Amino acid sequence: SERWGDPTNWTGDRLPGVGEAGADLVNGANISLSSGTRQIGSFTTVPGADLTIASGGALVLEGQPGISTFQGAVTVGAGSSFTIASAATANLASLETTGDVIVDGTATITAFGLRGNDLYEGSLAGSGSVTITDNFVRDRRTDATSYGNLGGGTLSSLSITQASGQLDPGPVSVAGSLALNAAAGDLYIHDAISAGTTFLGRGANGITLDLYASIHAGATSGDSLVLDAGTGHFYNYDGGGFQQTIFPPVIRFDVQPGARWLVYSNSPERDGLGFIDLPEGLAYQFKQYGKAYGDTTPVAGTGNGIIYRVSPTITPGLTGTITKAYDGTTDAALTAPNYTTSGAIDGDAPPLARRAAARSANTRRLPCCWSRAAPMRFSQAAWSASTAPARSGSSAPRRAWPGACRGRAACTCGPRSA
């Protein structure tokens, strides 16, 4: 068959409409396909050698004899298609589409643009695996809704990394795993996100869930839905229930029985989880401090949880009046109101392992004195050198034994003879 790598087979920048086993473009010329379907085994271009699949054109990479590498720009126009077959692997420096990109094999794309207008919308679908490593752009309508179809509900995996700036993926649906990563910016989600198995969303500078955002993860066990807000904020805008007066409520996180969701954030002092009594709010089963996403510290709780990097320092203290009678024992009674803590955040009330009594080093007995009849104790404040408090049931004072306790810090109480 005629070779695309042979310049004598070209008509200007257009290729002949024939099937191809393989093609190499190394001289920097641009290629435009405008009609018919071309099937090639593999394809290689150098920087500056661009491939355009115009309206009515179609290109299929069959995957033989090796990996296709597109160092120039690849543009898929409206009404055209670009297919990476199940046996094919393609590395693309730049791919923009207003047409259909079907990945049944494996595609790694440095920069990807999902384009659209009021007449045409691009799509990225198929049954294969797609990784976008550096830059993602998706066109939006004037009402801020997204053009195009991302994932098609069929991709086995999709991973998007935005190297700088905000990542706003729009609606995404895949059959397998989904990962969204704003490596140096915010992750902003305001549409429906659906992953057939697991979902991981990361924003180095924070994560915002807008009013109509929803995330579904279909895995039946483990940490199926994980969000990592990095060193920034995690903000869940639930609208205070406002949208429920206009639209049906949105279930913010949807995980399967046996699985759970986890949110990693920097500090609760910059976050907003929403009203937990609304469907859009986040009701969690546990909260943990002192752990960042990816470190080796184990997750301490069970069920859905919020995990913070910050580690507050709790300082316990005592308050109120605590009295101790000099009765020969070493414990003073304490109750819950006698304990205080400082340093807690987010309205937390950390429990203390309280002692029912405080140990005192003073073990002296109270002063005491004797009468001829029986020993008697009384408080130090009531002590008199000559007169003791009245005997119980009598208003008459009892005389202290002369000199028995005067000036002594302690004495041994007991019967004393005259």
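1. Arginine 140 is partly exposed, at a relative accessible area of 26%. Please keep in mind that this is a predicted model.

2. Next, have a look at arginine 115 and aspartate 139, which also meet through their side chains in a salt bridge (2.8 Å, N to O). Here the loop between strand E11 (106-114) and strand E12 (123-125) supplies arginine 115, and the loop between strand E13 (129-138) and strand E14 (149-150) supplies aspartate 139, so parts 24 residues apart in sequence are tied together. Arginine 115 counts as partly exposed, with 25% relative accessibility.

3. Arginine 141 and glutamate 121 make a further salt bridge, at 2.4 Å from N to O. Arginine 141 is in the loop between E13 and E14 and glutamate 121 in the loop between E11 and E12, so the pair links parts that are 20 residues apart in sequence. Both residues are partly exposed: arginine 141 has a relative accessible area of 28%, and glutamate 121 one of 37%.

4. Finally, the wider picture. The whole structure contains 8 salt bridges. Through shared partners, Glu96, Arg115 and Asp139 are joined into one network.

How values were computed
Residues numbered from 1 in each chain as written. Predicted model: local features only at pLDDT ≥ 70, side-chain atom pairs only at ≥ 80, totals over all residues. Heavy atoms only, no water. Salt bridge = Lys/Arg side-chain N within 4 Å of Asp/Glu carboxyl O. Helix = DSSP H or I, 4+ residues; strand = E, 2+ residues; numbered from the N terminus. Buried < 20%, exposed > 50% of the residue type's maximum accessible area, 1.4 Å probe, protein only.
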